Amino acid sequence: MKLSFRYKKVADGMHRPLIPLQFNLNDGTSVTIVGLLDSGSDVILIPKEIAESLGLKAGRKTHEVDGVGGKIKVAKAGIRVNVDDGRHNYRIPHRLEVCVQQSGSMFDNILVGRVPLFEEFIVEFNEQASRVKLRPSHRH
Amino acid sequence: MDASYEYFMKEDLSKYAGDWVIIVREKIVAHGSRDHIAKMLRQIKQTHRGEPLFIAKVPEKTVQIV
């Protein structure tokens, strides 16, 4: 199984790898959110306002994270996630850890970094084709 | 796949650049800054009860580093 997503065209010659993640919420509903796939980021980062509006419960303990915009504080939360490209729907078999931004210069987007998504999937970026492919790593 | 994702990927949403959008059944039903997302989501959950919701930040046409 390989999930394939094309990049979103932002402007002529500018495309970004935005992938949909279906968050399965505690109230039994689900919401699909789009995140920027970022191989340079160590974690999945979600702005606090977005996490709270989805009812994500972050832990009390905060951790310092270093980014281009400076240091920020995050708290960790867990969420059940499906990834669907229209041909395949893959349910990640455990809760995915995400970092909810608590303070610091806010990055106004959802970053989908390497841990844990790149552990769940073998990720292939194809800039020429403006596509990204995710193949489950079946590490479990 | 969520039809709203297809809509988001295909449509030129540049007039919403920089905004967060909520899409329901291939229609933008709310948009605004991150600070307003909770209020928008509460309202949409009331008016579109049980409908699949889709949330995204519309990218801006500026070079981005993260």
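Me: Which residues of helix 1 (residues 3-10) of chain B are buried?
Reply: The model is predicted; its local features need pLDDT of at least 70, side-chain atom pairs count only at pLDDT 80 or more, and totals for chains, interfaces and linings use all residues. Residues are numbered from 1 along each chain as its sequence is written, while chains are lettered from A and ligands numbered from 1 in the order in which they are written. A residue counts as buried if 20 or more other C-beta atoms, placed from the backbone, lie within 10 Å of its own, as exposed if 12 or fewer do, and as partly exposed in between. In helix 1 of chain B, the buried residues are B:Ser4, B:Tyr5 and B:Phe8.

Me: What covers the buried residues of helix 1 of chain B?
Reply: Helices (H or I, at least four residues) and strands (E, at least two) are DSSP runs, numbered from the N terminus. Two residues are in contact if their C-beta atoms, placed from the backbone, lie within 7 Å. The cover includes strand 1 (20-24) and strand 3 of chain B, together with strand 4 (18-24) and strand 5 of chain A.

Me: Which residue of strand 3 of chain B is the bridge partner of A:Val31?
Reply: Two strands pair if DSSP finds at least two bridges between them. Strand 5 of chain A and strand 3 (residues 53-57) of chain B run parallel and are joined by three bridges. In strand 3 of chain B, the partner of A:Val31 is B:Leu53.

Me: How many residues does the contact take from chain B?
Reply: The predictor gives the complex an ipTM of 0.92 and a pTM of 0.92. Chain A supplies 27 residues to the contact, and chain B supplies 21 residues.

Me: Which pattern does chain B follow along the sequence?
Reply: Chain B contains two helices and three strands. Of its 66 residues, 29% are buried. Read along the sequence, the pattern is α-β-β-α-β.

Me: What is the mean pLDDT of chain B?
Reply: pLDDT is the predictor's confidence in each residue, from 0 to 100. In chain B, 98% of the residues reach 70 or more, and the mean pLDDT is 91.
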